[in-house]
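Here are my notes on the model you sent over. Have a look at the fold first, then go through the points below.

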Amino acid sequence: MSQTNQHIRIDHWIAAILLFTMALIAFINVLSRYLFHFSFAATEEITINLFVWLTVVGSGIAFERGGQMGMVTLYKIFPKKIKKLAILFSSGLSAMLFLIVDIYVIQAIYDELTIFQAKSAALEIPVWIYYIGVPILSVFVFAGIYRDAGSKLNELKAEGDR
């Protein structure tokens, strides 16, 4: 029986911790409604923002696994050089999209820090704290895009060697 040498990755841990925290918060809220006939208003605020962070981390994992949408039918009929260009172009567009998202979120954070200074409704936490997770966690998206492009290019290279 062979063992695979897999290391524990931080993006998987972050996704698991965020999902566990969301489930725990929802479970505690359900218990409080059932036992005390009282609901914690802050749970919705926290859960929604954790869901956004989980989506960002999950997008990076999905990119790495090739789970993003693609036009495979056209890709399969391309010659090898065009396939390589399509991989690079697709990866570049994906990275550019998340770079634009990061720029707008950083601008929103700057506006919240300097102009608006808004606080969340339930907990009165500064809103920028919820926003800051998106550009920080998008590092995993860029890593997923890079890993996906690398694995696809390696597959093309392996096809050519056969």
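1. The radius of gyration here is taken over C-alpha atoms, and the globule rule is 2.2 Å times the number of residues to the power 0.38. A compact globule of 162 residues would come out near 15 Å, but the protein chain has 21 Å. The C-alpha trace spans about 65 × 50 × 30 Å along its principal axes.

2. Some housekeeping: this is a predicted model, where local features need pLDDT of at least 70, side-chain atom pairs count only at pLDDT 80 or more, and totals for chains, interfaces and linings use all residues. Residues are numbered from 1 along each chain as its sequence is written, and side-chain values use heavy atoms, with hydrogens and water left out.

3. Secondary structure is quick to describe: the protein chain has six helices and zero strands (DSSP runs, H or I of at least four residues for helices, E of at least two for strands, numbered from the N terminus).

4. How much of the protein chain is buried? Of its 162 residues, 28% count as such (under 20% relative accessible area; exposed is over 50%, partly exposed in between; 1.4 Å probe, protein chains only).

5. On contacts (heavy atoms within 4.5 Å): among those between residues at least 6 apart in sequence, 73% join residues at least 24 apart.

6. Gly150 is partly exposed, because its relative accessible area is 27%.
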